Amino acid sequence: MKIQKILNILTLLTGAIAITVISLWIGKQAYSWLPPQAAAESKLIDDLISFLVTLGAFIFLGVTSTLMYSVIFHRAVKDDFTDGPPIEGNVTLEVVWTAIPILLVFWIASYSYQVYEQMGIQGPSEMVHLHNPLGMQSAYAEPANALAEPVEKIDVLAKQWAWVFHYPERDITSTELHLPSDRRIRLALKSQDVLHGFYIPAFRLKQDIIPNHAIDFEFTPIRPGKYRLTDSQYSGTYFATMQANVIVESPEDYQQWLAQAATQEPTPAKNQAAAEYAQTSHQSVQTGWVTVPPAAPPLVNSPG
């Protein structure tokens with residue numbers, strides 16, 4: 001009997017170790033399911049997702065393994081149709097399986113809130129404390145002299161259905177968002193009409209833009225390349241066309257682009273929503289629901 005008990009304990013420990021190792025491995029694979037980490041803050045989100053995947057895998061494998069072990073080693077013998085033993089409630093067991101999920105929920109909530117605080121994403125509290133916005137922190141380990149460097153400020157205007165970016169330092173307007181890598185960026189987000197959502201999947205950043213409110217939003221791009229900005233909020237008929245390129249480049253290339261754009265005269269930018277609306281409005285037979293006319297194409301120095 002003692003040997004059987006020892007074997008059961010060893011089996012339990014071996015299974016727990018195996019499930020833990022497999023869960024950690026699955027959690028590591030979660031990093032490859034996501035786009036490249038193009039912003040410093042993206043590491044925080046990826047770590048949180050990996051943690052949730054690891055925890056979910058551990059629970060799934062633990063429950064599934066327990067069921068399989070019970071079916072394989074504790075099933076009734078053939079032709080045994082007798083009732084099982086009349087086991088009544090176990091207070092200790094009920095307390096344990098109630099306490100564990102509660103602790104897990106608090107653990108997940110605490111970790112998620114820490115990530116939210118570190119990213120400094122403006123939420124509902126920003127609307128309440130407009131004159132005292134939340135402090136924003138970068139997840140990126142910047143050099144010691146980084147604090148002395150100026151923050152790159154860019155105005156972002158969202159409207160039905162276009163993104164317009166204004167660089168106040170050079171008084172340049174563009175429909176592409178150009179960003180210097182490894183520099184702190186501060187966007188002033190504004191909406192001209194309805195609720196919009198600033199969302200760059202490669203940056204793991206999303207911020208709702210509320211009409212009649214200016215929201216400061218900071219992050220640090222770290223990976224040069226071309227990415228995509230989309231509207232995460234449904235803003236009307238041509239919502240799907242409200243996209244823009246995000247170009248992350250070296251500070252030298254960024255300054256060169258600014259200098260080049262400054263030499264160009266403002267011209268109307270290409271706007272897919274306006275083009276589609278003009279096409280449908282001239283049709284002899286009108287189909288579908290009446291929609292809001294898109295805003296006029298913006299005048300920009302660099303149409304992208």
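## Terms and basis

Two strands are taken to pair if DSSP finds at least two bridges between them. Helices (H or I, at least four residues) and strands (E, at least two) are DSSP runs, numbered from the N terminus. The model is predicted, so local features need pLDDT of at least 70 and side-chain atom pairs count only at pLDDT 80 or more, while totals for chains, interfaces and linings use all residues. Residues are numbered from 1 along each chain as its sequence is written, and side-chain values use heavy atoms, with hydrogens and water left out.

An open sheet of mixed pairing is formed by five strands in the order 4-10-9-6-7. Strand 4 (177-180) and strand 7 (205-209) each have a single partner strand, so one side of each is left without a neighbour in the sheet. From one strand to the next, the twist averages 20°.

Strand 6 (residues 196-200) and strand 9 (residues 225-231) run antiparallel and are joined by two bridges. Phe-198 stands opposite Asp-231 in strand 9.

## A helix across the sheet

Helix 2 (residues 42-73) packs against helix 3 (residues 91-119) at an angle of about 170°, with their axes 10 Å apart. Helix 2 is therefore roughly antiparallel to helix 3 (angles over 145 degrees count as such). Among the residues that meet are Phe-51 in helix 2 and Trp-107 in helix 3.

Key
Axes fitted to C-alpha atoms, helices over the stretch in contact; angles between N-to-C directions. Parallel < 35°, antiparallel > 145°, perpendicular 65-115°, else oblique. Contact = heavy atoms within 4.5 Å.
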